[in-house]
Amino acid sequence: VRQFIIFNLLLPALFGSLWMVVFSGTTIGFDRILGDALIDSLNSNGPQSLIYLVFDQLPFAGIIGFFFLVIVFISYVTAADSNTSAMTGMSTKGIDPEHQEAPIGTKVIWGLLVGFIAWVMISFAGADGIKMISTLGGFPTLFLLILVGAGLLKMIIQKGNI
């Protein structure tokens, strides 16, 4: 339990705090040096433009930008993979301790669907599109999770564990 608390609660919170302090402090410092150029870009071009303006002020901006894109890609793929596994698990019958994974075809369909929707929203609506789709997608997911909970309760009652 102690290791769980340290590695899943404490260390991510410390890393997130350090991350926010370093990058927000750097951005505020560069904005003061550049005479409010970053806040003007934020107001005219949106938040997605700020990261590249900050990177342009750092040494080795090209290398940092490349690593930033690689990290964003890895983060997206990791989140998409875990979400795809969760969606296929909820939409497939026959998952049990012996067969814990859904069929590959179902995973591919869900993965392509999620990737296509993300591409459409980024291409046509930018970061605001992702915010909108996450809000719109969260509401039906509420009902799906209620049904999953009801199914779990039904299974527990049928097994006689209550």
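In which helix is Phe-68 found? Phe-68 is found in helix H4, residues 61-90; helices here are DSSP runs (H or I, at least four residues), numbered from the N terminus. This is a predicted model, where local features need pLDDT of at least 70, side-chain atom pairs count only at pLDDT 80 or more, and totals for chains, interfaces and linings use all residues. Residues are numbered from 1 along each chain as its sequence is written, and side-chain values use heavy atoms, leaving out hydrogens and water.

**Around Phe-68**
- Phe-68 is partly exposed at 25% relative accessibility (buried is under 20%, exposed over 50%, partly exposed in between, with a 1.4 Å probe and protein chains only).
- Leaving aside residues up to four places away in sequence, Phe-68 touches Ile-51, Tyr-52 and Phe-55 (contact means heavy atoms within 4.5 Å).
- Phe-15 lies 53 residues from Phe-68 in sequence and 17 Å from Phe-68 in space, C-alpha to C-alpha.

**The buried side of H3**
- Leu-50, Val-54 and Phe-55 are buried in helix H3, residues 50-57.
- They sit on the same side of H3, because they cover an arc of only 130 degrees around the axis (taken from the directions from the helix axis to the C-beta atoms).
- Helix H1 (2-33), helix H2 (37-45) and H4 are among what covers the buried residues of H3.

**Leu-136**
- Leu-136 has its place in helix H5, residues 104-159.
- With a relative accessible area of 53%, Leu-136 is exposed.

Note on methods
Helices (H or I, at least four residues) and strands (E, at least two) are DSSP runs, numbered from the N terminus.
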